[in-house]
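Please look at the sequence and the fold, then read the points below.

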Amino acid sequence: FFMLDDPGIDVRALLPALRVPTLVLHGEVDRNTPVEVARWAAEQIPGAQFHELKGCCHAAPATAAVEFADVIRRFIRTGRPT
């Protein structure tokens, strides 16, 4: 999403300018990126929805593929992850 050690790819300042439906999905037990980072990112994007995948790690698209896809489908259909 953004890398604090590489200012060339730090997109934090751009988040408030996003004007598209946005869903931020994040694994509850992600050891690579704390869930607080994803929550913060969702708060910066106007109208963004946040969904925490309970018990999932950083590899949620692979380890919880069905739940991951279901949440995305619901969001596309309804604008809500749940």
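Predicted model: local features only at pLDDT ≥ 70, side-chain atom pairs only at ≥ 80, totals over all residues.

The protein chain contains 3 helices and 2 strands, arranged along the sequence as β-α-β-α-α. With a radius of gyration of 13 Å, close to the 12 Å that the globule rule gives for 82 residues, the chain is as compact as a globular protein of that length.

**Overall fold**
- The C-alpha trace spans about 35 × 30 × 15 Å along its principal axes.
- Of the 82 residues in the protein chain, 30% are buried.
- Among contacts between residues at least 6 apart in sequence, 58% join residues at least 24 apart.

**Helix H1**
- Val-35, Ala-38, Ala-41 and Ala-42 are the buried residues of H1.
- These residues lie on the same side of H1, because they cover an arc of only 120 degrees around the axis.
- Strands S1 and S2 (49-53) are among the elements that cover the buried residues of H1.
- Glu-36 and Glu-43, on the other side of H1, are exposed.

**Asp-30**
- Asp-30 sits in the loop between strand S1 (23-27) and helix H1 (35-44).
- Asp-30 is buried but has no salt bridge, and the nearest side chain of opposite charge, Arg-31, is 8.1 Å away.
- The side chain of Asp-30 reaches the backbone nitrogen of Thr-33 at 3.0 Å, and a polar contact of 2.7 Å links it to the side chain of His-58.
- Beyond its neighbours within four places in sequence, Asp-30 is in contact with Cys-56, Cys-57 and His-58.

Technical notes
Residues numbered from 1 in each chain as written. Heavy atoms only, no water. Helix = DSSP H or I, 4+ residues; strand = E, 2+ residues; numbered from the N terminus. Buried < 20%, exposed > 50% of the residue type's maximum accessible area, 1.4 Å probe, protein only. Lys, Arg positive; Asp, Glu negative; His and termini not counted. Salt bridge = Lys/Arg side-chain N within 4 Å of Asp/Glu carboxyl O. Polar contact = N/O pair within 3.5 Å; in protein donor to acceptor, adjacent residues only side chain to side chain. Contact = heavy atoms within 4.5 Å. Arc of directions from axis to C-beta. Rg over C-alpha atoms; globule rule 2.2 N^0.38 Å.
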